[in-house]
Amino acid sequence: MHNLDPSVKTVWGFSAFFRTLMFTGIALTAEIFVRSYDSVSLPLFWGIPTVVFFFFMLLFQFSLIPLRYKFYSFDVRDRELWLRRGIVTTVETVAPFGRIQHIDVAQSLIERGVGLSRLIVHTAGQHGASIIVPGLPLEYAEQLRNHLKQFAHAVDDV
Amino acid sequence: MNEILLGSERRLHPLTMMYRAVTIMPNILIALFVFNSFEGKVEAYMTIIAAVLILPSFLLNYYFYTYVFTERELVIKSGVFSKNIRTIPLEKIQNIDIHQNALQRLLHIASAKVETAGGATTEAMLEYISLHESERLRTYIRTYKTQQLHELENIQINEESSHTEILFSMSRRDVLISGTMSFSLVFFAVFGIFFQYIPFLSQRYQEKLYSGDWLLGYSPSEILIGIVIASVGATILSWISGILVTFLRFYGFSLQRSGMRILVERGLFSKWRSSLSLKKFQMASIRSNPIMRYYNLIRMDVFTAASGGDRKRSETAVPMAAPDVVQQIAQDVFCVNIPDTFQQVSPISRRRIFFRYCTLFLTISAVGYLAIEWYSAFLVFPSIALSYWLAGIKYRIRGYTVSNEAASVRSGLFVHTICIVPHNKIQTLHIKRSLWQRVYGLATVALDTAAYEFSGKAQIPDVAYEDAEEILKTILHRAHYEKNKWRVDIDNDNSIANI
C-alpha cells in the first residue's frame, strides 16, 4: 500500500479550517437563539462560548489530520485498485479494473496551490460507487488515469 | 415488415380525450369550490370559461399529435402552435412498457412507454393507445430487431429466443393462498389519510391523543390489556390488508421468458407488464416469513441495474412457491443457485446483537421509568431476557456461502432473507471494520452491485478478519474469471440480448 503525498495535509488543513468556520457559524446561531430567551441567562459574556467552541473545534479538527493521513493508503495492483481509509471505522475498498466506467482527475483551488489532485474512479455500483483517491501529484494522477483508462469499458455492460 | 403499421401517420386512441377530460374534472371542481368559498362570482365564471377552453384544447392536442413508424425510426409529431418533431431510431429502442390503470382498462386504452438504451429518462410516452395497438408496436419492434439481426450477423436465429415461454403463473386460488400468508402495514397509511382528510374528527382526536391525558385515568393493568388488544387488532388488520394487497398486486401473475428478457404480468385493477433484461440482472433475494416456512414456501425477487431515471428496478419473480420450483427458475433463468447450507459468522456476533438490543430495550425502560412510573424499571429484566432470546435467533439466521458462482448471505429475525450476488456482478467490494469489530478482530464484507438495493442486506457481517480477507480474495478471483467468461458469452449473442 502506498501513502498519499504528505502535502495533502495542507489541503486537509484548509478544509478543516473551513469546516470549523462552518460549525462555528452554527454555534453562533445557537448562542444567539439561546440568548434571545430572557429566562435563560448564560454566565459568560457575549460571544465567549462561540469563541471557545471555535478553538476547541479547530484543535479537534487539526488533531484528526495526522491520524487520517496515517490511515489513508491506496494500491494499484495487477487487476484491482485498493483503497484503505477511516479512523474510527476503517473501510477497505477494492475496485476490479474491469468494473471501472470512467475516471476523472479533479483539482480544487487549494489542491492546485500545492500541486495535488484527486483521482475519482466511477463504477456502476450503488453504495460507494465512486472511489476517490486524494493527494496525488497531478502528473502521477494523470498517468494513473491513462493506465486505468484502458481497462474501462462502456456503460452498457453492467 | 409489418405493413399495417408502416407508412401511415397514426393518432392516439380517440377515447384519450374522454380520459383526459374525466381525469381533469376533480381539478376543475376543486377550483370552482375554492373560488366559491371566496364568494367571488367573477372568479367562478373565470373558472368555467377556463374549463370551456381546456376541453377544446384536448381536441386540438389530439388532432395535432401523430406518430409514425418508418423503416428505421419512430417519429412523433406534436404541438398546436409550435411544432415538435421527435425522432427515435428503432435500434435504440430497448423496450416498450405497457401500463393500464383501472379507468384505462374500462376504456380499453393503455399508455406505452418507449424505453431507449442511452437515454437517462423515458424517451417517449404514447398516452393513450388501444391495447391491441400497443401489442402491435411491441411485435413491430421485436420483428425489426430480429430482422436486423439477420442482416447483421447473417445467422439463423434460434427459434426459442424469440418465442415466449411461461415459466411460472398463479391461479386466483394461489394468489389468495399467498395472501393469507402475508402481512402488510399499509393500513397505517390508510388510517393516516383517513384522519387527515376528515378535519372535524382529527381536530378533536388529535388534541386528545397528543395530550396524553386520557392515559392517566387508567390503571397499569388496564393499559397493559389495552396494549395487548391493540397489538392483536394490528396483527389482524395487517393480515387482512396483506391479503388485499397481495390480491391486488399479484392477481393473474405470470413470469415469462422471451429470449434474453423476462416479462412479468400482474395486477387486478392496475395491470402491470414489466419486462427486464436478463443482461441487466444483478442479484436475487429469497424471502420467507414464519408461516411460509411452516408450509415450506419461499418468494423470490430479482434486482436489475437501475437504468436511467428509473429508480425502482426490482421485480417479484415468484411471489410464492415451493423451494424446488424457485430453485429451478433461479438456475435456468438467472443462473444462480439457492444454497441450503450456510457458514455461521463469528460467535462474537451474538454478543454484539445482544448489546444492541439491550441498548434499545433499556432505553425504552429508562424512558418509561422517567416519564411514566417507577415500576417501569422492572422492565429491565424482561428486556435483558428478550434481548438474549432475539440475539440468539438473529445469530443463528446469520450465515453466508461463497460458491464458485455467487456469494449468498442469509439474514433476518422472523422474515429470513437470502441475498444471492453473482460474482460477475460485483462492482466494488468493501471490508468495513468499526471500532468494536477491530477490538474483537472482526470485519464486515459488503458486496456492491449496480442494483438499487438500499436495505444493506448484501453484506456479510461479523466474520473474523482473516475470513473476510479470504472471502474477498475468492470473490475477486471468481469475479475476474467469470467476468471474462461472461464477456465472451455476451459478445457471441450481443444482438439477441436486446430483443
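Two strands pair if DSSP finds at least two bridges between them. Strands (E, at least two residues) and helices (H or I, at least four) are DSSP runs, numbered from the N terminus.

The model is predicted: local features need pLDDT of at least 70, side-chain atom pairs count only at pLDDT 80 or more, and totals for chains, interfaces and linings use all residues. Residues are numbered from 1 along each chain as its sequence is written, chains are lettered from A and ligands numbered from 1 in the order in which they are written, and side-chain values use heavy atoms, without hydrogens and water.

**Exercise 1.** Trace the strand pairing from S2(B) through S3(B) to S4(B).

*Solution.* 
- Start with S2(B) (residues 66–69) and S3(B) (residues 73–78). They run antiparallel, joined by four bridges.
- Three residues lie between them in a hairpin. Tyr67(B) faces Ile76(B) of S3(B).
- Go on to S4(B) (residues 84–89). S3(B) pairs with S4(B) over six bridges, again in the antiparallel sense.
- Here Lys77(B) stands opposite Ile85(B) of S4(B).
- Inspect the turn. This hairpin has five residues between its strands, and Gly79(B) has a positive phi near 105°.

**Exercise 2.** Check the length of H14(B) and find what its buried residues pack against.

*Solution.* 
- H14(B) has 18 residues (380–397). At 1.5 Å a residue, it should span 26 Å; its end C-alpha atoms are 26 Å apart, so the two agree. The expected span is 1.5 Å times one less than the number of residues.
- Its buried residues (under 20% relative accessible area, 1.4 Å probe, protein chains only) include Ser383(B), Leu390(B) and Tyr395(B).
- Their packing partners include H13(B) (348–371) and S17(B) (406–411). Contact means heavy atoms within 4.5 Å.

Key:
Buried means under 20% relative accessible area, exposed over 50%, partly exposed in between (1.4 Å probe, protein chains only).
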